[in-house]
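Subject: Structure handover

Hi,

Here is the structure you are taking over. Please open it and keep it in view while you read my notes.

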Amino acid sequence: MDFEQSPDHYVGTARVGSGGKPKKAPVPVKIIVAGGFGVGKTTTVGAISEISPLTTEAEMTSESVGIDNPGQATMKTTTTIAMDFGVLTIDQTLKLYIFGTPGQSRFAFMWDDLIKGALGALVVVDTARIDDCYPAVDYFERAGLPFVVGVNTFNGQMNYNLEEVRWALAVRDDVPVLSFDARFRASVRDALLVVLDQALDKAIRARST
């Protein structure tokens, strides 16, 4: 019995077309989502990831009272104790691997490992507790990693406008400050695309010099 030849077949996990050339795998890009405790980092990763996100959430107990402050208007009952992880395919040439950092200062020692190989970062800000995000902004400035400040619009509201947030955080003029909603995929996607633009601009400047 004759069988019709399929235009594509597989060698291992690579699809091979009729021309016999395997399609190139997308370029992996590591992006960091950082910020203070309870600003929406885990929500951000979960909203955008095309896979079930890996989280390391633990229940908050009475031992954390006075140490972990998620804010007055929150129902947060868990906290990230290691990292969050998600994946987003931009197109056939680019794939994002998204790592969310823990927000508490006692886990700051993990950041040096998490940012290895990263091309950029999204610093998530809650305008009700802007000062909680100073450490993240300072960290990425010292590390020389391109970053974007993303103001999470909890319930669609911000206590301050974007220029006031820029002034409060004292970020450079070339650092984008934008608003987004961590609950919605399209909004998170747009914020991450700005991070990619920042990383690309840095790469172009480095090559030109």
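First, a term. Two strands pair if DSSP finds at least two bridges between them. Strands themselves are DSSP runs of E with at least two residues, helices are runs of H or I with at least four, and both are numbered from the N terminus.

Now the ground rules. This is a predicted model, so local features need pLDDT of at least 70, side-chain atom pairs count only at pLDDT 80 or more, and totals for chains, interfaces and linings use all residues. Residues are numbered from 1 along each chain as its sequence is written, and side-chain values use heavy atoms, with hydrogens and water left out.

**Around β7**

Start with strand β7, residues 94-100. It runs parallel to strand β3 (residues 27-35), and 7 bridges join the two. Find V33: it stands opposite G100 in β7.

β7 also pairs with strand β6 (residues 84-91). This pairing is antiparallel and has 7 bridges. Here G86 has I98 of β7 as its bridge partner. A hairpin links β6 to β7 through 2 residues.

**Around β9**

Next, go to strand β9, residues 147-152. Buried means under 20% relative accessible area, exposed means over 50%, and partly exposed is in between (1.4 Å probe, protein chains only). F147, V149 and V151 point one way from β9. V148, G150 and N152 point the other way.

Which strands pair with β9? One is β8 (residues 118-125), joined to β9 by 5 bridges in parallel. V125 has V151 of β9 as its bridge partner. Another is β10 (residues 177-180), also parallel to β9, with 4 bridges. There, V149 stands opposite V177 in β10.

Now trace the chain. From β9 it crosses through helix α4 (residues 162-169) to β10, and this β-α-β crossover is right-handed. That means that, with the strands pointing away from the viewer, the path from the first strand over the helix to the second runs clockwise. β8, helix α3 (residues 134-143) and β9 also make a right-handed β-α-β unit.

Last, look at R129, in the loop between β8 and α3. Is R129 buried or exposed? Its relative accessible area is 9%, so R129 is buried. A polar atom of its side chain lies 2.9 Å from the backbone oxygen of F37.

Best wishes

Note on methods: A polar contact is a pair of N or O atoms within 3.5 Å; within protein, one must be able to donate a hydrogen and the other to accept it, and residues adjacent in sequence count only if both atoms are side-chain atoms.
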